[in-house]
Amino acid sequence: MEIDTDELTVHDNEDEGQYEIEYDGRLALLAYFRTGDRVVLVHTEVPEALEGHGIAGRLAQHALEDARAKGLRVVPRCPYVQSYLEKHPEYADLVDASI
């Protein structure tokens, strides 16, 4: 199965506190919560059948771009997001590890 992650739509489910991608009846998510002018990225979850296709990266990228657009600082508590940030220094200016 080949998945074009650029074609996937990320939905911000504010009620659940998570960014979501639904694909082939499966839900991948990046859980977060807001505190003041910060968004704390807590946990990334991708169903096993969708692993290895860049979906977690798409979620992380969207969350970071959304934070930038909203003028929020990012607190990366999720190990995946921390790893993503190490590989994408263009988002370093968003990081606030004070919480």
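Visitor: Leaving aside its neighbours within four places in sequence, which residues is D66 in contact with?

Guide: In this predicted model, D66 is in contact with D12 and Y19, once neighbours within four places in sequence are set aside.

Visitor: Where does D66 lie, and is D66 buried or exposed?

Guide: D66 lies in helix α1, which covers residues 55-70. Buried means under 20% relative accessible area. D66 has a relative accessible area of 16%, and therefore counts as buried.

Visitor: How far apart are the end C-alpha atoms of α1, and what span should its 16 residues have?

Guide: At 1.5 Å a residue, the 16 residues of α1 should span 22 Å; the end C-alpha atoms are 22 Å apart, so the two values agree. Just after α1, G71 takes a positive phi of about 70°.

Visitor: How many residues has the largest nonpolar core, and which have the most contacts inside it?

Guide: The largest nonpolar core has 27 residues, and L41, I55, L59 and L64 have the most contacts inside it. Two or more residues come from each of β2 (18-23), β3 (26-35), β4 (38-45), α1 and α2 (79-87). Helix α1 gives the most, with seven residues.

Visitor: Which residues does I55 touch, not counting those up to four places away in sequence?

Guide: I55 touches I3, T5, L8, I21, A28, V46 and L50.

Conventions
Residues numbered from 1 in each chain as written. Predicted model: local features only at pLDDT ≥ 70, side-chain atom pairs only at ≥ 80, totals over all residues. Heavy atoms only, no water. Helix = DSSP H or I, 4+ residues; strand = E, 2+ residues; numbered from the N terminus. Buried < 20%, exposed > 50% of the residue type's maximum accessible area, 1.4 Å probe, protein only. Contact = heavy atoms within 4.5 Å. Core = buried A, V, L, I, M, F, W, Y, C linked by side-chain atoms within 4.5 Å. Expected span 1.5 Å × (residues − 1).
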